[in-house]
Amino acid sequence: MHHTKYLIIGSSHAGLSALDAVRLQDKTGALTLVTQELCLPYSPTILPYVLSGQARPDKVFLRDQKSLDGLSVAFKPGAKVVAVDGRSRQVTLQSGEKIEYEKMLLATGAAPKRPPVKGLEAVPHHVLRTLEDALNLRSAIRKDETAVVLGAGLIGLHAAENLAKGGMRVVVVEALSQALPGYFDEEASQMITRAFSDSGVKILLNEKVSGVRGADGGTTLSLASGGSLSSGLIVIATGVQPRVEYLAGSGIEVDQGILVDERMRTNVSAVWAAGDVAQARGFFESSKILNATLPNAVEQGRIAGMDMVDDPALKVYQGAVSLNTYKFFGHRAFSVGMIRAEEGCEVEKVVVPESFKYQKLVFKGDHLVGASGINSDLDPGVMFQLIRRKAYLGDVKARFCASPVDISRVMMTSIWR
């Protein structure tokens with residue numbers, strides 16, 4: 001049986017961030033990095049660029065074998081964990097191999113969530129979650145054929161744009177009343193939807209696929225409204241769910257994801273969780289939430305790693321603040337913090353249709369709690385820091401609303417000093 005002091009399951013941002021934090025304090029303790037992927041660590045955020053051909057598959061890795069060897073990391077690719085025993089501190093791999101650990105981080109991420117559509121499992125379809133998924137989808141692009149994408153979230157719209165640029169006729173089917181509901185309000189969403197329409201991508205809102213069947217070398221999708229679509233390619237992008245199936249019987253508490261405290265500790269001794277799989281406290285609420293963003297994964301991974309080695313510089317987790325950036329058809333968009341104003345909030349909004357510009361600031365008292373924009377000059381990172389640090393606007397609030405780019409930079413310069 002393989003024994004390791006530190007076991008990290010999952011090799012994307014959360015896992016690597018934890019690895020770096022551990023190695024800052026403990027240079028030599030046995031550290032094993034396990035992933036079910038067959039390749040070196042990479043970021044899921046690169047997948048749209050692999051799909052478009054902008055990024056070469058062999059150039060997307062976050063670490064190479066030499067760098068892992070230099071950190072004395074035992075890297076195990078193609079090793080899927082199927083069971084965890086918190087009492088004996090052992091995990092079982094699909095191969096049957098067991099690994100005994102002293103401290104373990106679960107950073108297994110999330111998996112695509114397939115909708116309960118009759119006949120879907122019987123017909124070929126694609127998802128976009130791994131490097132292999134991106135390469136398979138890219139190879140399936142056929143010019144002048146029709147592709148149907150289920151779901152108008154970030155993954156679905158990334159797929160739709162790249163399929164359209166590959167020459168396909170693309171239809172996106174979304175059950176809700178707007179695209180990107182988790183990232184933008186209705187007005188910003190309508191602008192993004194219009195950009196897709198202007199580029200030849202049709203987005204059907206308030207619509208569902210009720211059934212799928214193979215027909216004449218392609219697929220027919222029945223719509224809940226009564227119509228139908230013919231397609232040569234189907235992409236499922238109806239959301240993701242934390243990968244927790246291997247935790248059955250482990251004793252580790254799971255709700256939507258793995259429940260963790262402000263140090264990323266689970267309820268089981270010597271087990272931490274971070275990234276898309278972890279359910280931690282929110283920033284604006286006391287309840288525990290999922291926050292599947294890259295910055296959050298890095299932060300949670302760092303906190304977990306520091307706690308695993310009792311790093312005295314550790315600062316506990318303050319809660320999840322969403323931060324998303326998105327580029328589409330030559331435009332750029334972002335959203336940070338609150339998307340929609342709650343009771344007691346006020347909104348400052350600027351919309352310039354002729355230049356396709358949108359900017360929204362959400363305040364609660366004298367604090368910024370949300371910001372979003374399309375082709376805006378606002379810096380998402382600065383907005384994130386102002387929200388996260390609960391920067392007091394006070395007397396500069398009016399000037400901030402009138403000139404948020406300049407005033408935010410002045411404020412952050414003062415804060416960083």
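Tutor: Start with terms: two strands pair if DSSP finds at least two bridges between them. Strands (E, at least two residues) and helices (H or I, at least four) are DSSP runs, numbered from the N terminus. This is a predicted model; local features need pLDDT of at least 70, side-chain atom pairs count only at pLDDT 80 or more, and totals for chains, interfaces and linings use all residues. Residues are numbered from 1 along each chain as its sequence is written, and side-chain values use heavy atoms, with hydrogens and water left out.

Student: OK. In S21, what is the bridge partner of Lys327?

Tutor: Arg332. Six bridges join S20 to S21 (residues 331-337), and the two run antiparallel.

Student: In what order do the five strands of the open sheet come?

Tutor: S20-S21-S24-S23-S22, with antiparallel pairing. S20 (323-328) and S22 (345-352) stand at the edges with a single partner strand each, so one side of each has no neighbour in the sheet. The twist averages 15° from one strand to the next.

Student: Which helix lies across S20, S21, S22, S23 and S24?

Tutor: H6, residues 186-198, running at about 25° to S20. Axes are lines fitted to C-alpha atoms, for helices over the stretch in contact (heavy atoms within 4.5 Å). Angles run from 0 to 180 degrees between N-to-C directions.

Student: New topic. How many cavities of 30 Å³ or more does the search find?

Tutor: Two, over the whole structure. On a 1 Å grid over the protein atoms alone, a cavity is a set of points where a 1.4 Å probe fits but cannot get out. A pocket is an open set with protein on both sides within 12 Å along at least five of seven lines, and lining residues have an atom within 4 Å of a point. The largest cavity has a volume of about 60 Å³. Its lining includes Pro112, Ile155 and Val240.

Student: And how much space lies in the second largest cavity?

Tutor: About 40 Å³. Glu299, Phe384 and Arg388 are among the residues that line the second largest cavity. H7 gives the largest share of that lining, three residues.

Student: What about the second largest pocket; what is its volume?

Tutor: About 420 Å³. Of its 18 lining residues, the closest to the centre are Glu299, Lys315, Val316, Gln318 and Arg388. H7 (294-308) and H8 (380-388) each supply at least two residues of the lining. H7 gives the most, with seven.

Note on methods. Points joined across faces, edges and corners; volume = space filled by probe spheres on them.
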